[in-house]
Amino acid sequence: KDKTILDNAYKKLMEAFISYLQKSGYHGEIVAESSAEQDVALVNALSHFQRNSGIIYKNPQLVNNMITSLSLVNKHDNNIGAQMADLIAWTGSNKYQVDHGTKKLSDLRFEEKILLNMFNKKTKRVRSKLTSQYIVIP
């Protein structure tokens, strides 16, 4: 059952990323922190869309053209994409907690406040137009 949930989750995630790339006209890459079970599910999801046409896209070759690479990395690689994802996720988590009252802004450390301030400024500028071309799976 867990395997089916994981497989379906990666297919939905991949479909959303492909849809975003197609609508925006971008090309993108996928960076994922490696784990045996998730690696297989991720590769299978990408392979599914590379082999089969769908509602969002008419030709599997479009997927090959839009997604430029798939990198499976581990924490020790210090991959910049994975590091940025961790930083964004950490800051996003702080933002969510502050916005929903489960954490006080005054309780954040100095560097967390700086990152949160940068995050808030950046998200205000790009709300109507997404600029990220990565899908990073921590």
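How much accessible surface does the protein have, and what share of it belongs to carbon and sulfur atoms? The accessible surface comes to about 9,100 Å², and 55% of that belongs to carbon and sulfur atoms. Areas are from the Shrake-Rupley method with a 1.4 Å probe, and for residues only the protein chains shown count as cover.

Some conventions before going on. This is a predicted model, in which local features need pLDDT of at least 70, side-chain atom pairs count only at pLDDT 80 or more, and totals for chains, interfaces and linings use all residues. Residues are numbered from 1 along each chain as its sequence is written, and side-chain values use heavy atoms, with hydrogens and water left out.

Now the layout. The protein has five helices and three strands, where helices (H or I, at least four residues) and strands (E, at least two) are DSSP runs numbered from the N terminus. Read from the N terminus, the order is α-β-α-α-β-α-α-β. Of the 138 residues, 28% count as buried. Buried means under 20% relative accessible area, exposed means over 50%, and partly exposed is in between, with a 1.4 Å probe and protein chains only. Among contacts between residues at least 6 apart in sequence, 71% join residues at least 24 apart; a contact is a pair with heavy atoms within 4.5 Å.

Next, helix α1. It has 23 residues and reaches 33 Å from its first C-alpha to its last, close to the 33 Å expected at 1.5 Å a residue. The expected span is 1.5 Å times one less than the number of residues. Buried residues in α1 include L6, Y10, M14, F17, I18 and L21. An α-helix has 3.6 residues a turn, so residues three or four places apart point the same way. I5, also in α1, counts as partly exposed because its relative accessibility is 49%. After α1 comes G25, with a positive phi near 80°.

Which residues have the most contacts inside the largest nonpolar core? They are M14, I18, L21 and I67, in a core of 18 residues. Such a core is a set of buried Ala, Val, Leu, Ile, Met, Phe, Trp, Tyr and Cys residues joined through side-chain atoms within 4.5 Å. At least two of its residues come from each of α1, β1, α2 and α3, and α1 gives the most, with seven. In soluble globular proteins, nonpolar side chains tend to be buried together. Leaving aside neighbours within four places in sequence, I67 is in contact with M14, F17, I18, L21, G28, I30 and L46.

On to the strands. Five of the six residues of β1 are buried, so this strand is largely enclosed by the rest of the structure. β1 and β2 run parallel and are joined by six bridges; two strands pair if DSSP finds at least two bridges between them. Across that pairing, E29 stands opposite S69 in β2.

Helix α2 has 16 residues and spans 23 Å from first C-alpha to last, close to the 22 Å expected. Its buried residues are D39, A41, L42, A45, L46 and F49. Why does D39 count as buried? Because its relative accessible area is 15%. Not counting residues up to four places away in sequence, D39 touches E33, S34 and L72.

Two loop residues. N78, in the loop between β2 and α4, has a positive phi of about 50° although it is not a glycine, and N78 is exposed at 55% relative accessible area. L105 lies in the loop between α4 and α5 and is partly exposed at 46%. Beyond four places in sequence, L105 is in contact with V98, K113 and L116.

Last, confidence. pLDDT is the predictor's confidence in each residue, from 0 to 100. The average is 80, and 83% of the residues score at least 70. Where pLDDT is low, the predicted coordinates should not be read in detail.
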